[in-house]
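Subject: Handover of a structure and notes on its features

Dear colleague,

Please find below the structure I would like to hand over to you. My notes follow it.

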Amino acid sequence: MSNPFWSPALARLEPYVPGEQPRGRKLIKLNTNENPYPPSPRALEVLGDPQLADALRRYPDPESCDLRAAIAARFELTPEQVFVGNGSDEVLAHAFYSFFRRDEALLFPDITYSFYPVYCQLYDIEYRTVPLRDDFSLAVEDYSGPAAGVILANPNAPSGRYLPLAEIERLLQLQPQRVVVVDEAYIDFGGDSAVQLIDRHPNLLVTQTLSKSYALAGLRLGFAMGQAHLIEGLNRAKDSFNSYPIDAIAQRLATVAIGDSAWLADCCGKVIATRERTVAALQQMDFDVVPSKANFVLARPRKLGAETLYRALRERDILVRYFNKPRISEYLRISIGTDEEMDTLLQSCREIIASQT
Ligand code: PMP
């Protein structure tokens, strides 16, 4: 519907469609890659801390100094190499604005996180998608030549496929004059972080989030790490947008959560074990499963259409993600829940397949 008051650029924008977040029903929710376990108890203790009550009277630290120091300590960086934002989505928005608005096109794989084209539209960034191989693996040599930069998710979404660090390093060398953003939203579920390459590569920006492995999606806390000159660029964009600072509760909770590495290892270990068991069970049921290092799997039921299975699961109050898009329309993306939730999912798949074939 055309609206005479809207600019042509606004009319062209295509909003991002997030996974369904229904209210009020008891559902098995395996559609938005949330962590099924509660966050670190040490982080939650902060909520009753009288020091937090005092901090709430005041405006939050606009530079999130304690939190950036905690992230820097965990990754052996300096606080000047860390940028924090309200979710990695906000961090990515600043990165797109700061580094990718150029005369050439931004490169990213097809398929990948569906927010990337949305940011391009929002900020008038030209982009070119680069097809993945048939098995959803990425060929880094496809990313050479003139470009505004490169962004990739590692592990990728929604495939879950992981690109080894040696390949990331090759990609960084193919684009030495441009920023390469490695979005590591899911890295704690089995991959090695590219953070260790930051010292050697002035064009590398790594983003992470507390939404998945830390079980704090509701907190909205994401961060970027790179050499100080890139972080300075992000701060410049943030300050000129006058972005919201991180609120005092989020700063305090995130600072403690980042420091609880024992909890993180334990929780990710549980999710990884459940993922491996789920993959084996799906394969036994004749699904094709893309190898995953994330907290979800992309799987193709060979005996039944993906959309049919998606709808049948929905009727049983089990939510998984179905993408009606080229290349992945025969697949479902299934987030890894608790063992009990996955048992219910697997049993339901067995019953639905048996009744429909
Ligand atoms: N990157 C990827 C690849 C994601 O899947 C997501 C979550 N949907 C995000 C970034 C954003 O996460 P958040 O804003 O919760 O940090």
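Why is Asn3 exposed? Asn3 counts as exposed because 8 other C-beta atoms lie within 10 Å. By the criterion used here, a residue is buried if 20 or more other C-beta atoms lie within 10 Å of its own, exposed if 12 or fewer, and partly exposed in between, with C-beta atoms placed from the backbone. Asn3 belongs to the segment before α1 (8-12). Helices (H or I, at least four residues) and strands (E, at least two) are DSSP runs, numbered from the N terminus. Between the C-alpha atoms of Asn3 and Ala228, which are 225 residues apart along the chain, the separation is 44 Å.

Two remarks on conventions apply throughout. The model is predicted: local features need pLDDT of at least 70, side-chain atom pairs count only at pLDDT 80 or more, and totals for chains, interfaces and linings use all residues. Residues are numbered from 1 along each chain as its sequence is written.

Domains

The domain assignment divides the protein chain into domain 1 (19-39 + 262-356) and domain 2 (41-259); such bounds come from an automatic or database domain assignment. The centres of domain 1 and domain 2, taken over C-alpha atoms, are 26 Å apart. Their contact involves 25 residues from domain 1 and 23 residues from domain 2, where two residues are in contact if their C-beta atoms, placed from the backbone, lie within 7 Å. On the side of domain 1 that touches domain 2, α10 (261-284) and β10 (296-301) each contribute at least two residues. The largest share of that side, 5 residues, is supplied by α10. By class, the residues of this side of domain 1 are 16 nonpolar, 4 polar and 5 charged. Here Ala, Val, Leu, Ile, Met, Phe, Trp, Tyr, Cys and Pro count as nonpolar, Asp, Glu, Lys and Arg as charged, and the others, Gly among them, as polar.

Two strands pair if DSSP finds at least two bridges between them.

Leu205 has Gly226 of β8 as its bridge partner, and Thr209 has Gly222 of β8. Strand β6 (residues 180-183) runs parallel to β7 and is joined to it by 4 bridges; Val180 is partnered there with Leu204 of β7. Strand β7 is mostly covered, with 6 of its 6 residues buried. Leu204, Val206 and Gln208 point one way from β7, while Leu205, Thr207 and Thr209 point the other way, and all are buried.

The four-stranded sheet

A further open sheet has 4 strands in the order β9-β10-β13-β12, with antiparallel pairing. Its edges are β9 (287-289) and β12 (321-322); each has a single partner strand, so one side of each is left without a neighbour in the sheet. A hairpin connects β9 to β10 through 6 residues, and these two strands pair in the antiparallel sense over 3 bridges. Phe287 is bridged to Pro301 of β10. Strand β10 also runs antiparallel to strand β13 (residues 332-335), joined by 4 bridges; among the bridge partners in β13 are Leu332 for Ala299 and Arg333 for Leu298. Strand β10 is mostly covered, with 5 of its 6 residues buried.

The ligand

Around the ligand are Gly87, Ser88, Asp89, Tyr113, Ala153, Ala157, Asp183, Ala185, Thr209, Ser211, Ala217 and Gly222. A residue is near a molecule or strand if its C-beta atom, placed from the backbone, lies within 6 Å of it. By class, this shell holds 5 nonpolar, 5 polar and 2 charged residues.

Yours sincerely
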